[in-house]
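Student: I am new to this structure and would like to go through it by question and answer. Could we have it in view before starting?

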Amino acid sequence: MFNLILFGPPGSGKGTQSENIIAANGLQHLSTGNLLRSEITHQTPLGLKAKTFMDAGQLVPDEVVIGMVDNFMNAHPQAKGFLFDGFPRTTAQCIALDALLQHKGTEINVVLALEVGEEELVKRLLGRGATSGRSDDTNETIIRARIQEYHDKTTAVATHYAQYNKVISVKGEGTVESIYADLKKEIDARI
Ligand code: AP5
């Protein structure tokens, strides 16, 4: 298996770049943001619980997200590998993911970290909010709260995997195509 974490702050292009990467490498996309939004659309108890946190720009509690990821991975036993997008986001999620993968006899191969400046992130997310209907994109205060959560809790994910020399930084500003070319180079060198 080849397991990749596409890492970066909100709006850094994780979802956008995931599409090309999964198509080229046959990986299973696992976006916790997409899974949570699907739970909200279907008005499940998990979705109703998550919505309060997401609307405030806060992280959903670890136990909710970890259980959802475990279920998703078990539902895809034939996967050649996973592209994790928006997960893990805390040290507790890293530890849980490492244990889940170890149980399957595999591990994280690389963490590709997209680097984008804060004002560019806000500009991108407000731009998407104008048309997407994503409630957490329409309000600049909530967007900045998401970025603050990233600094407070999620940068620890890079620290966790840096101790195993698994983190590669990639410039996340420029055209979608040029950023993908840089990501592809790093993946092709390892897959
Ligand atoms: P999630 O859905 O993961 O959102 P996010 O991390 O805030 O990231 P985005 O999807 O907004 O950004 P992205 O990096 O994927 O960028 P994208 O490609 O979309 O999480 C939402 C919420 O769910 C969280 O706040 C939290 O509450 C909860 N949650 C999710 N996972 C969780 C977890 N593990 N634990 C706890 N809570 C969790 O691009 C953004 C925009 O920029 C798009 O409009 C795109 O077209 C544009 N764009 C992309 N690339 C470029 C480029 N190169 N140049 C110009 N524009 C670009």
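This is a predicted model: local features need pLDDT of at least 70, side-chain atom pairs count only at pLDDT 80 or more; totals for chains, interfaces and linings use all residues.

Tutor: Residues are numbered from 1 along each chain as its sequence is written, and side-chain values use heavy atoms, with hydrogens and water left out.

Student: Which residues of helix 2 are buried?

Tutor: Helices (H or I, at least four residues) and strands (E, at least two) are DSSP runs, numbered from the N terminus. Buried means under 20% relative accessible area, exposed over 50%, and partly exposed in between, with a 1.4 Å probe and protein chains only. In helix 2, residues 32–41, the buried ones are Thr32, Gly33 and Leu36.

Student: Why do the buried residues of helix 2 line one face?

Tutor: An α-helix has 3.6 residues a turn, so residues three or four places apart point the same way. The arc is taken from the directions from the helix axis to the C-beta atoms. Down the axis of helix 2, the buried residues line one face because they fall within an arc of 100 degrees.

Student: What covers the buried residues of helix 2?

Tutor: Contact here means heavy atoms within 4.5 Å. The cover includes strand 2 (28–31), helix 3 (45–55), helix 4 (62–74) and strand 3 (82–85).

Student: Against which helix do the buried residues of helix 3 pack?

Tutor: The buried residues of helix 3 are Gly47, Ala50 and Met54. They fall within an arc of 70 degrees seen down the axis, so they line one face of helix 3. The face turned away from that buried side carries the exposed residues Pro45, Leu48 and Thr52. The buried residues of helix 3 pack against helix 2.

Student: Which residues lie closest to the centre of the largest pocket?

Tutor: On a 1 Å grid over the protein atoms alone, a pocket is an open set of points with protein on both sides within 12 Å along at least five of seven lines, and lining residues have an atom within 4 Å of a point. Grid points are joined across faces, edges and corners, and a volume is the space filled by probe spheres set on the points. The largest pocket has a volume of about 930 Å³. Of its 47 lining residues, the closest to the centre are Pro10, Lys14, Arg89, Arg134 and Arg146.

Student: How many charged residues are in the lining of the second largest pocket?

Tutor: The second largest pocket has a volume of about 160 Å³, and helix 3 gives the most to its lining, with three residues. Ala, Val, Leu, Ile, Met, Phe, Trp, Tyr, Cys and Pro count as nonpolar, Asp, Glu, Lys and Arg as charged, and the others, Gly among them, as polar. The lining has two nonpolar residues, two polar ones and, in the charged class, five.

Student: Is leucine 101 buried or exposed?

Tutor: Leucine 101 is placed in helix 5. Leaving aside neighbours within four places in sequence, leucine 101 is in contact with Asn3, Met73, Phe84, Thr106, Glu107 and Ile108. Its relative accessibility is 1%, and leucine 101 therefore counts as buried.

Student: Where is the cis peptide bond?

Tutor: Most residues other than glycine have a negative phi, and most peptide bonds are trans. Proline 88 is found in the loop between strand 3 and helix 5. With omega about 0 degrees, the cis bond joins phenylalanine 87 and proline 88.

Student: What is the relative accessibility of asparagine 165?

Tutor: Asparagine 165 lies in the loop between helix 7 and strand 5 (167–171). Its phi is positive, about 55 degrees, although it is not a glycine. Asparagine 165 counts as exposed, because its relative accessibility is 73%.

Technical notes: On a 1 Å grid over the protein atoms alone, a cavity is a set of points where a 1.4 Å probe fits but cannot get out, and a pocket is an open set with protein on both sides within 12 Å along at least five of seven lines; lining residues have an atom within 4 Å of a point.
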